[in-house]
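Thanks for asking me to go through this one with you. Have a look at the chain first, and then compare it with my points below.

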Amino acid sequence: MARSAGIHHVTAIASDPRRNLDFYTRVLGLRFVKKTVNFDDPSTYHFYFGDEEGNPGTILTFFPWSHVAPGRPGVGQTLETAFLIPEEALGFWTERLVTLGVTHEAPIRRFDRTVLPFRDPDGMRLALVATPGLVASRAWTTADIPAEAAVRGFAGVTLLVDRPEPTAAVLTEVFGFVEAGRTENLFRYRGEAEVGGYVDLRIAGGFLPGTMGAGSVHHVAFRAAGDADQAAMAKALREKLGIVTTEQKERNYFRSVYFREPGGVIFEIATDDPGFGIDESFEALGTSLKLPPFYEKDRERIEAVLPVLD
């Protein structure tokens, strides 16, 4: 059985691209790993934020549409995207969010970790999970976020579903996750990876479905080591659960198949290879606009319509 180690990336929708870029690089201190375009809509940027090298499990991506309406949270959507921080950095981040005027809530306990919920400028629900043993791990740092406080990648995501069993079947029977805890209305499933390792299912029977827009997560991508594992997971979806994926799509930095899981959330299976160093050195990641080969002939026209970021 092919297994997914955990989350590969999360893709969300934003409005103002300059504000989005500022928040995730300056406020949260993530690295701007790649600046490209939406392959299906080259008039729109596709931003990738992550760790020093853009490793799987650290990548948060955005489609920033300047005039998109706000989304509405609801059943069939990702309710929260959570990041790992060192346990010792909780005070640093609480003070930082207050100082910078970031909308946030009081810290809470969830599955033996302290969690600090907050929101980005579009209202996307985020959280920092204080985790022991991270201080010594490598980190991407900025002028005012030291290594001992820096974000280390994803902790996991929380999905809002009507009932847990159908989504849990995808996680356990296809991705190889295991149940790792539960409360009255929250079920946790874990993959093997420490970074991007969990999916929580929050049960909200009878709630309205969500609508996509600014502040919404568009899809959650799960890791496949390569094409063979991706194909095996797609086969397991089809044969065990009757779920058919799209054909494989080339995304330059990974290859993807997509499907909508029974709870309504769009899932992707993305390969770990080839990674973000395929068209830029690691030292230069995110410094220039990268286009897929089939758009290179239109570079001048595409650059003319994209919003100026400086």
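**Notes on the protein chain**

1. Let me begin with how the chain is connected. Of the contacts in the protein chain between residues at least 6 apart in sequence, 68% join residues at least 24 apart; a contact here means heavy atoms within 4.5 Å. Please keep in mind that this is a predicted model, where local features need pLDDT of at least 70, side-chain atom pairs count only at pLDDT 80 or more, and totals for chains, interfaces and linings use all residues. Residues are numbered from 1 along each chain as its sequence is written, and side-chain values use heavy atoms, with hydrogens and water left out.

2. Now the overall build. The protein chain has five helices and 16 strands, counted as DSSP runs numbered from the N terminus (helices are H or I with at least four residues, strands are E with at least two). Its radius of gyration is 18 Å, close to the 19 Å that the globule rule gives for 310 residues, so the chain is as compact as a globular protein of that length. That radius is taken over C-alpha atoms, and the rule is 2.2 Å times the number of residues to the power 0.38. Along the principal axes, the C-alpha atoms fill a box of roughly 50 × 45 × 40 Å.

3. Next, surface and charge. Buried residues account for 55% of the 310 residues, where buried means under 20% relative accessible area, exposed over 50% and partly exposed in between (1.4 Å probe, protein chains only). The accessible surface comes to about 13,000 Å², and 52% of it belongs to carbon and sulfur atoms; these areas come from the Shrake-Rupley method with a 1.4 Å probe. There are 33 positive and 42 negative side chains, and the centres of the two sets lie 3 Å apart. Lys and Arg count as positive and Asp and Glu as negative, while His and the chain ends are not counted. Each charge is placed at NZ of Lys, CZ of Arg, CG of Asp or CD of Glu.

4. The aromatic side chains deserve a look. Rings of Phe, Tyr and Trp (its six-membered ring) pair if their centres lie within 6.5 Å, with planes under 30 degrees apart called stacked, over 60 edge-to-face and the rest tilted. By this rule there are 22 aromatic pairs. In one of them, the ring centres of Phe32 and Phe47 are 5.3 Å apart and the planes stand at 90 degrees, so the pair is edge-to-face. This pair links distant parts of the chain, with Phe32 in strand E2 (residues 31-38) and Phe47 in strand E3 (residues 41-50), 15 residues apart. Phe32 is buried at 14% relative accessibility, and Phe47 is buried at 0%.

5. Another edge-to-face pair is formed by Phe92 and Trp93, with 5.5 Å centre to centre and 80 degrees between the planes. Phe92 is partly exposed at 27%, whereas Trp93 is buried at 0%. Elsewhere, Phe23, Tyr24, Phe32, Tyr45, Phe47, Phe49 and Phe62 form one aromatic cluster.

6. Is Lys290 buried or exposed? Lys290 is buried, with a relative accessible area of 19%, and it sits in the loop between strand E16 (266-271) and helix H5 (299-305). Leaving aside neighbours within four places in sequence, its contacts include Lys34, Lys35, Tyr253, Asp279 and Glu280. Lys290 and Asp279 are 11 residues apart in sequence and 7.7 Å apart in space, C-alpha to C-alpha. The loop between E16 and H5 also holds Pro274, which is joined to Asp273 by a cis peptide bond with omega of about 5 degrees.

7. Finally, some backbone angles to check by eye. Phe111 has a positive phi of about 50 degrees although it is not a glycine, and Asp112 has one of about 65 degrees, again without being a glycine. Phe111 lies in the loop between strand E6 (108-110) and strand E7 (113-119), and Asp112 lies in the loop between E6 and E7 too. Phe111 is partly exposed at 21%, while Asp112 is exposed at 55%. Just after helix H3, Gly176 takes a positive phi of about 80 degrees.
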